[in-house]
Amino acid sequence: YKRQFHNVALFTYNDAMHNYFQQYKFQGDYRVRAVFATLMQTTVNQLAGDLVLTIPVTASTMMTRGFNQATGWLTDGLNQADGLTTLAREKGVAQSQKARQERLKTPQPFKLVMAAEQLRHQRVILVDDIYTTGRTMRHAADLIIENGAKSVTGLTLAR
């Protein structure tokens, strides 16, 4: 799948980005999504995919935080679908708490919730917040490609 997937990160993860994510994700301040919403939406449009999917959060994260941080930057104007869900109801150890080797050993955490026909020959844009080892994004991309997508372009705010 090497050729069928690549990731575009808009920023390098640094102290300022760390502080942004602390406020947005971990303190649940939904208002700060607006800081990068226009840029993310513009980039999605420039990438010219057929379908936009986001990396899902677990049900427990959704209950606690109240939103999916990746979905927060996007609007209904984009052709965004619910295509993936998490296999786990609750998040175990957060990816951000794991060492690189642990991240790379993570088993497939996603399952498809859309019909494979909807993916066939599609150029999918897959949105997430941070690209670290790429394990999360590659798990999702593998699943999407295995189900017929032509390609997957990851879009993350930071790397």
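Asp29 is buried, with a relative accessible area of 13% (buried means under 20% relative accessible area, exposed over 50%, and partly exposed in between, using a 1.4 Å probe and protein chains only). This is a predicted model, where local features need pLDDT of at least 70, side-chain atom pairs count only at pLDDT 80 or more, and totals for chains, interfaces and linings use all residues. Residues are numbered from 1 along each chain as its sequence is written, and side-chain values use heavy atoms, with hydrogens and water left out.

Let's look at the salt bridges, starting with the one at Asp29.

**Asp29 and its partner**
- Asp29 forms a salt bridge with Arg31, at 3.0 Å from N to O (a side-chain nitrogen of Lys or Arg within 4 Å of a carboxyl oxygen of Asp or Glu).
- Arg31 counts as exposed, at 66% relative accessibility, while Asp29 is buried.

**Arg123 and Asp50**
- Another salt bridge joins the side chains of Arg123 and Asp50, at 2.9 Å from N to O.
- Arg123 lies in strand β5 and Asp50 in the loop between α2 (34–47) and β2 (51–54), so this pair ties together parts 73 residues apart in sequence.
- Helices (H or I, at least four residues) and strands (E, at least two) are DSSP runs, numbered from the N terminus.
- Arg123 is partly exposed at 34% relative accessible area, and Asp50 is partly exposed at 27%.

**Asp129 and Lys25**
- The side chains of Lys25 and Asp129 meet in a salt bridge of 2.7 Å, N to O.
- This pair links distant parts of the chain, with Lys25 in helix α1 (residues 15–26) and Asp129 in strand β5 (residues 123–130), 104 residues apart.
- Both Asp129 and Lys25 are buried.

**The count**
- By this rule, there are three salt bridges.
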